[in-house]
Amino acid sequence: MRRVLITGGAGFLGTHVASALARRDDVELVVAADVRDAPARDGVVNALLDVTDAAAVAPLLRAHRIDTVVHLAAIVNPGRDVDREYRVDVIGSANVLAACVETGVRRIVVSSSGAAYGYHPDNPAWIDESTPLRGNDAFPYARHKRLVEEMLSDCRSEHPGLEQVVFRIGTILGPTVRNQITALWDGRRILGIAGSDSPFVFVWVDDVATAMVRAATDGPAGVFNVAGDGRLTVPQIAARLGKRQLVVPAWALDAALRLGRMLRLTEHGPEKVPFLRWRPVLSNRRLIEDFGFTPTRTSAEAFEEYLATHPSVSRRRE
């Protein structure tokens, strides 16, 4: 019987994971911890927790006799507050890891990202878990994910008694998702960079939650990419949406973003050019063969389900 605490338990992914864990017969307790109040849910205990407060994590783990932690607390859309993103993602992860070691937690499940591999022109066509982590220093989100993974690697060597499941997740889609990636599809035209198809791998939120539940209960430890089968390029996405592409040279987009940030017209800067141009395309082979979980939706099917729940995005009428 597992006693599980979820950081970021009131967030988009955390609410799905908490509800799914609460339905398991082999889970005795689910604590959803967050800086925000959450609505009452059957089988879930809500708790207030700021992971940036180093003194707060261990007492909460002890109070509920937690043996498994699902660490989801993160900042996905930091805007201009990069310092806050660093505090939550990096310092917060260090605090959670230290508290797990201190209190004798048996297993930690961490939501990392394909961004930890980085956005580089020499990325392989399909990235597996043996690919070096090179999260770009110029792109804070990718850099922070790389730093957290380096921390996790050190912890695996120094504290082998704490089992780890680390998920490097592709682009998560769901019925309420709105972020910097989905914003790319909202306009009349779809932005493309000359000479790059910028492929995406997608995964539906329910599949991520199911993988998280397996990781917190009866799944094997290890590091796994999480994505649906296949990929979708920007031209394919534009065609499916019935929208034209706006294709610009990389140098022109770089210059426009530099000027826009200087004039405070946009929070995005030139670091977004590699983000759009050289996306890491995740292979899910180890997730299926070694972890024992096959996503129910391919990348294309996850995109279709996103469109079904966001009908205003597409100009095409079915």
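## Close-up views of a predicted model

**View 1. R188 and the residues it meets.** Setting aside residues up to four places away in sequence, R188 touches K243 and R244. Everything in these views comes from a predicted model. You'll find R188 in the loop that runs between β7 (171-173) and β8 (189-193). With 71% relative accessibility, R188 counts as exposed. For a sense of scale, look for R41 too: R188 and R41 are 147 residues apart along the chain, and their C-alpha atoms are separated by 40 Å.

**View 2. Strand β2 and its two partners.** Strand β2 covers residues 27-34, and seven of its eight residues are buried, so the rest of the structure largely encloses it. On one pairing, strand β1 (residues 2-7) runs parallel to β2, and six bridges join them. To find your place in that pair, look for R2, which stands opposite V27 in β2. Getting from β1 to β2, the chain passes through helix α1 (residues 12-22), and this β-α-β crossover is right-handed. β2 also pairs with strand β3 (residues 45-48), again in the parallel sense, over four bridges. Here the pair to look for is A33 and, opposite it in β3, A47.

**View 3. N225, a buried residue in strand β10.** N225 sits in strand β10, which spans residues 222-226. Is N225 buried or exposed? Its relative accessibility is 0%, so N225 counts as buried. Which residues is N225 in contact with, leaving aside its neighbours within four places in sequence? The list is Y117, I127, D128, E129, R168, L282, S283 and L287.

View 4. R62 counts as partly exposed at 47% relative accessibility. E102 is exposed, its relative accessible area being 52%.

View 5. Start with R285 and E289, which form a salt bridge with the closest N and O atoms 3.0 Å apart. Why do these two sit about one helical turn from each other? Because they are four residues apart in helix α9 (residues 285-291). R285 is partly exposed at 40% relative accessibility, while E289, with a relative accessible area of 54%, is exposed. Now look at R286 and D290, whose side chains also meet in a salt bridge (3.0 Å, N to O). Both of these lie in helix α9, four residues apart, about one turn of the helix. D290 is partly exposed with a relative accessible area of 41%, and R286 counts as partly exposed at 24% relative accessibility. Elsewhere, salt bridges that share partners join R24, D26, R214 and D218 into one network.

**View 6. Two residues with positive phi.** R65 is not a glycine, yet it has a positive phi of about 50°. Look for R65 in the loop between α2 and β4 (68-71). R65 counts as exposed, at 57% relative accessibility. S198 isn't a glycine either, and its phi is positive too, at about 45°. S198 lies in the loop between β8 and β9 (202-204). Is S198 buried or exposed? With a relative accessible area of 4%, S198 is buried.

**View 7. A nonpolar patch on the surface.** Which residues form this nonpolar patch? They are L259, M262, L263 and L265, and together they have about 460 Å² of accessible area. One of them, M262, lies in helix α7 (residues 250-262). M262 counts as exposed, at 61% relative accessibility.

Methods:
Residues are numbered from 1 along each chain as its sequence is written. This is a predicted model: local features need pLDDT of at least 70, side-chain atom pairs count only at pLDDT 80 or more; totals for chains, interfaces and linings use all residues. Side-chain values use heavy atoms; hydrogens and water are left out. Buried means under 20% relative accessible area, exposed over 50%, partly exposed in between (1.4 Å probe, protein chains only). Two strands pair if DSSP finds at least two bridges between them. A crossover is right-handed if, with the strands pointing away from the viewer, the path from the first strand over the helix to the second runs clockwise. Patches are made of residues with over 30% relative accessible area and no salt bridge: like charges are joined within 9 Å, nonpolar side chains (Val, Leu, Ile, Met, Phe, Trp, Tyr) within 5 Å. Accessible areas come from the Shrake-Rupley method with a 1.4 Å probe; for residues, only the protein chains shown count as cover. A salt bridge is a side-chain nitrogen of Lys or Arg within 4 Å of a carboxyl oxygen of Asp or Glu. Contact means heavy atoms within 4.5 Å.
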